Amino acid sequence: MQRGTFVGTYCGGRGTLVRLLCFTSFVVASALVLPVALRAEVEVTDFGKTADGKAVKAFTITNSKGVVVKLISRGATLAEWRVPDKHGKMDDVIFGFDDVAGYESKDNGYFGATVGRVANRIAGGKFKIDGEEYTLAKNDGPNTLHGGVKRSLDKVVWNGKPIKNQDGEGVAFTYTSPDGEEGFPGKLDCKVTYLLTNKNALRIDYEATTDQATPVNLTNHTYFNLSGAGSPTINDHELMIAADHYTPIDATLIPTGEIAPVEGTPFDFREFHKIGERVDQLNDQPGKGYDHNFVLNNQAGKLALAVKLHEPKSGRVLSVFTTEPGLQFYGGNFLTGAKAKGGKTYAYRSGLCLETQHYPNSVNEPKFPSMLLQPGRTYKHTCVYQITTE
Ligand code: BGC
């Protein structure tokens, strides 16, 4: 185990007895005083190895309120988030696995991962830049989903370093995706920084640079259940999305290009609605429930509130702030009971993702905000997930 900050150097250079006394008082003082301080540090441990032998690290952060966040370096993944309910009872409210094998298994629906190079779908697994066509592997019917098959950003091991600033503690993950990886042009240098604050906000800052024009759309694919991961449903959660419009989809979940009003549809979450209230109206539609991109009202690129999610029994509230123009609300329609952390299973519609992003298939849809990154420019995206109680 290695800690982000080292605490025991101030007794050096004295005699043995003095050192012993000093060490003893340090241990006593630690027991009395330091646990609180120590808990605010990033703890780095070994999480295991990938099937091809790469070491995966786990980073555990505990803030001054006792809230715990665990991140792992495979996929720069958010693996655990323990938060109190309105009575102070702690629960882990996100999906994940106990070991690397779980994350590498077919049961892993991108749980907690950083997704890219292009999150969501690219129609036909093809796009053109300056007349040149690029072809990707298809992994979702006729389309490419979440950056490809073998070396998409959720599957590679990132380099992680603990960080600390006046707002909190966290981890900066970096990964360089070589030119041509998963069929994408250009070398892409990616950085994803997580920071847990003492206000129980988890801030995620994404950055990327390239040496050739290339599409970039990074997001986080955490599944939340505010009653605790493994609870049977999210249909009882109340959701508000600050979006007057959404992007309707075709049979393969590719946006048709239309920007449609939510008014009068089950996509109108401008006021709180229980997720289960209208979801069954979508059972026979593409996506088989909620699996749609919302056009956020904030299109200015400034950090603003996009979502509030409230679970009445626990009183937990998740607020999502973002600089991105879109939000994929995925209601867990393809979950089939994965066996996961602590022996829990994740049933149909028992977790939901709120993925801040550019709109799906933007690389082939000139009407949508562009996701093309040019050399010399920096892709930037901030998403803040904050969990409070009411
Ligand atoms: C997509 C779903 C997909 C899921 C995979 C979501 O982002 O919108 O269609 O099934 O990711 O876990």
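How many nonpolar, polar and charged residues make up the shell around the ligand? Keep that in mind for the first view of this predicted model.

**View 1. The shell around the ligand.** The tally by class is 5 nonpolar, 3 polar and 2 charged residues. The residues to look for around the ligand are Gly109, Tyr110, Asn120, Leu253, Asp291, Gln328, Tyr330, Phe334, Cys353 and Glu355. Two or more residues of this shell come from β26 (326-330), and β29 (352-357) likewise gives two or more.

**View 2. An open sheet of 9 strands.** Follow the strands across in the order β12-β13-β14-β15-β31-β25-β24-β19-β22, and you'll find the pairing is antiparallel. At the edges stand β12 (159-165) and β22 (273-274). Each has a single partner strand, so one side of each is left without a neighbour in the sheet.

**View 3. Zooming in on β19 and β22.** Here β19 (residues 238-241) pairs with β22 in the antiparallel sense, over 2 bridges.

**View 4. Stepping back to the whole protein.** As for contacts between residues with a separation of 6 or more, 65% link residues 24 or more positions apart.

Note on methods: Residues numbered from 1 in each chain as written. Predicted model: local features only at pLDDT ≥ 70, side-chain atom pairs only at ≥ 80, totals over all residues. Near = placed C-beta within 6 Å. Helix = DSSP H or I, 4+ residues; strand = E, 2+ residues; numbered from the N terminus. Nonpolar A, V, L, I, M, F, W, Y, C, P; charged D, E, K, R; others polar. Pairing = 2+ DSSP bridges. Contact = placed C-beta atoms within 7 Å.
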